[in-house]
Amino acid sequence: EYILGIETSCDETAVAIVKNGKEIVANVVASQIESHKRFGGVVPEIASRHHVEQITMVLEEAFKETEMTIDDIDAVAVTEGPGLVGALLVGVNAAKALAFAHQKPLIGVHHIAGHIYANRLVKEFSFPLLALVVSGGHTELVLMKDHGDFEIIGETRDDAAGEAYDKVARTLKLPYPGGPKIDQLAQEGNMVIDFPRAWLEEGSFDFSFSGLKSAVINTLHNAKQRGEEFRQEDIATSFQASVVDVLVEKTYLAAKHYQVKQVIVAGGVAANKGLRAAMEAKFKKSKPELLFPPISLCTDNAAMIAAAGSVAFKQGHRADWDLNANPGLSMEKYSQRMMSCD
Ligand code: ATP
Ligand code: MG
Ligand code: FE
């Protein structure tokens, strides 16, 4: 079956066509990074306007890449949440209009389920699996015992990993989005400071990154007052080591605790070279199989939405014509919906 995916939850206008939930037929992403750069972050009003301007072109582009027309599509899957409400509404309304006009089934997809399902474009899932979700707004360990069954067993108590990268990058006066830039600098620097690692209570799979962020800011501030300066790359290396250590160790402990068959990494920070290398080293000799999406499928795209939508489609889930943007959609609520057969 062919699923058309639409994603507009933040600052990427994306459309994709995916075959059988596993094979990308078309994948178009129009990024707005250049427009938000001078503000140092995503401006919601600007994001919505760009989506409106881009969505028709991006849709046309996706079909132009293939020999297909909307008649060849079996269902339209769209990100309904979480995300920016004005941004989500553009995708949801485009999906509704297309699906209604051509009488195709409509499917609402959770954005983070999408990030997780980017990995199914690499390899079939084996359950139980553990997903480490590290994105701009989320840091979670998600246990999956079946398709559509998402249980959060740990999450951040303050900043998301990507958010910490972006905030530290801003402190280092690096352009937005700072994650990729810090990653690059981290390859070139030295470990000069032993920044804190938030392990939290014994046995907890939760995360915390705000203390680390403050430690970086304080370190730079104190150095400046002494008239000293750290090299950006050394701060990047030291900061990244701290983030990666905690992510890898907690994922490892959770994977062992739940005896999972696969460990998958998802979200924008899954593109991080340091994280990928450390995860590969840690899971090299042990049983759970490790999956990463290709770099281009780590950040927001619509192929992942179509991939997650394909499973919901096969399970018989259909959204009504009154589907709305759901900016605060929780994983728990989505999972309950996916697990109920109606
Ligand atoms: P969410 O998915 O939680 O709603 P989002 O969609 O804004 O948030 P993503 O698109 O998944 O987030 O990821 C973007 C985040 O990933 C940004 O914070 C960015 O800095 C970070 N990021 C991207 N590439 C890298 C990298 N190589 N190293 C570290 N962070 C990265
Ligand atoms: Mg983005
Ligand atoms: Fe995302």
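**Questions about a predicted chain and its ligand**

UniProt, in an unreviewed entry, lists residues 23-306 as "domain: Gcp-like"; such positions follow the numbering used here, feature names are shortened, and annotations may be inferred rather than shown by experiment. This is a predicted model, where local features need pLDDT of at least 70, side-chain atom pairs count only at pLDDT 80 or more, and totals for chains, interfaces and linings use all residues. Residues are numbered from 1 along each chain as its sequence is written, and chains are lettered from A and ligands numbered from 1 in the order in which they are written.

Biologist: Why are residues called buried?

Modeller: Because 20 or more other C-beta atoms, placed from the backbone, lie within 10 Å of their own. Of the 342 residues, 49% are buried.

Biologist: What makes a residue part of the shell around ligand 1, and which are the closest?

Modeller: Its C-beta atom, placed from the backbone, lies within 6 Å of the ligand. That gives 23 residues, with Gly-136, Gly-137, Gly-162, Gly-179 and Gly-268 the closest. Helix 6 gives the most, 4 residues; helices are DSSP runs of H or I, at least four residues, numbered from the N terminus.

Notes. Buried ≥ 20, exposed ≤ 12 C-beta atoms within 10 Å, placed from the backbone. Helix = DSSP H or I, 4+ residues; strand = E, 2+ residues; numbered from the N terminus.
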